[in-house]
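Please read them alongside the coordinates.

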Amino acid sequence: MATTKPLRIAILGGGIAGLTTALSLTKFSPANAPPPLITIYEIRPQPATIGGAVNLTPNALRLLSHLGALQEIRSSNYGAECPAVEVFDIYSGTKISESSFRGPDGKGLGTPPFTALRITRGEALKGVLAAISKHPNIALICGKKTTKIHETTTDVTLTFADGTSSNSDILIGCDGIHSVTRLTHVEPERTATYSGICNAFGFAPLKAHQKPHFEASGMNFARGGMLLTSFHSAAKDSIYVGALMQVPDDGLQSRDGWKARGADAEKTRADMLARYSGAKEPAIEEWIRDAQDLFLWPVFTLSKHGKWATDRVMLIGDSAHAMPPQGESTGIVFEDGVLFARVLARWMEKSGNGSDGTPVREAFDAYETLRRARIETAWDESQSVVKTVQEVGWLGHRIKMNIVPWYLWWTRGYREKHFVEDVTTCEIGY
């Protein structure tokens, strides 16, 4: 059914989830209708282009290409190609395994083939923002703190701390683990829980005498956790140092408490040096000592099950299902946005943006039916990360070094199945 009235969509959260969801809603909007009018509200004065580095797996790159963001990333020469993540025993320096994205002919996985890209969160966001700027139906408004969400049978009203308000047909919460959308409206009792692990990260200059022991990215297992050492730029003149490790909360229940602890770079550096001492490769200790912008970030999670939607409000990404990092978390967020956009577009085509009386909740329910099983499987997989970074003794470390290669071999087919997926064409069942 054709319609001439554009759907008004508000998105809370101007991070990677909110921006790619906006691109997805635009890309997959029905051809027989005007594109939706999308307004993204970000609480910060400007989008946050700081943070660590992520590995964009083949499925993530494929989706960014569909959305026009990968082309922006490539044109700016952001990131470092990552054909594989190599796995090392930090004490012997021995490579024990790898997680490869090369594919059968070395060109990558899927159609078209992609390997992976290690890129800072800031540069990934810049690429997506460049793609956003080419779509006049998408507006990004920063410095907006939401204080109230009021939903009726016909619309959603947001009230902001500056006294202004906005009205839309639907609201999408892409505002992360501490989501205002979830905590004030969708499911206030579902609060984030500290996972017991932290990510400590920084960037160290690569010096002339240092010879990296990895091709692109190296995951170094130690008794005190996992340490990632990786290129993150095409110049390969800097090393991203990222540590996943158990850290007691020490009573740091509040976000402000964690923020103060995370800002103490020298305390974090000393902890990392103690945990990853004894490395066979001397450059590992040097990179920890030289790391700039070193920060400790607690990993919070949500319970496995939870409410994702009301009649006109939908949660996407971490606001719905935050979990420990398990190798493809960013790709999962992109998939969320694309699949939701495709289901919503089907509803728009069928109902004329609801002009025939079909509630948008029908589309929300169809998306949940399509997505729940995949998310719950990923949540289960993420729990192995927590176990992997738990502190162990020498014997536990040796056992782990024997198990990891077998685990990666055993799960290779399963992981590659997801890396070749293209959710822009899969059956959505609606």
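**Notes on the predicted model**

1. A nonpolar surface patch is made up of Leu395, Ile399, Ile403 and Tyr407, which together have about 430 Å² of accessible area. Patch members have over 30% relative accessible area and no salt bridge, and nonpolar side chains are joined within 5 Å; a salt bridge is a Lys or Arg side-chain nitrogen within 4 Å of a carboxyl oxygen of Asp or Glu. Areas come from the Shrake-Rupley method with a 1.4 Å probe.

2. This is a predicted model, in which local features need pLDDT of at least 70, side-chain atom pairs count only at pLDDT 80 or more, and totals for chains, interfaces and linings use all residues. Numbering starts from 1 along each chain as its sequence is written, and side-chain values use heavy atoms, with hydrogens and water left out.

3. Tyr407 belongs to helix α12, residues 394-419 (helices are DSSP runs of H or I, at least four residues; strands are runs of E, at least two). Tyr407 is partly exposed at 45% relative accessible area (buried is under 20%, exposed over 50%, partly exposed in between).

4. Strand β13 (residues 193-205) pairs antiparallel with β17 (residues 292-301) over seven bridges; pairing needs at least two DSSP bridges. Phe203 has Gln292 of β17 as its bridge partner. Strand β13 also runs antiparallel to β16 (residues 238-246), with nine bridges, and Ala204 is bridged to Ile239 in β16.

5. Zero disulfides are found in the whole structure (cysteine sulfur atoms within 2.5 Å). Cys174 is buried at 7% relative accessible area, and Cys82 is buried at 0%.

How values were computed: Buried < 20%, exposed > 50% of the residue type's maximum accessible area, 1.4 Å probe, protein only. Patch = residues over 30% accessible without salt bridge, like charges linked within 9 Å, V, L, I, M, F, W, Y side chains within 5 Å.
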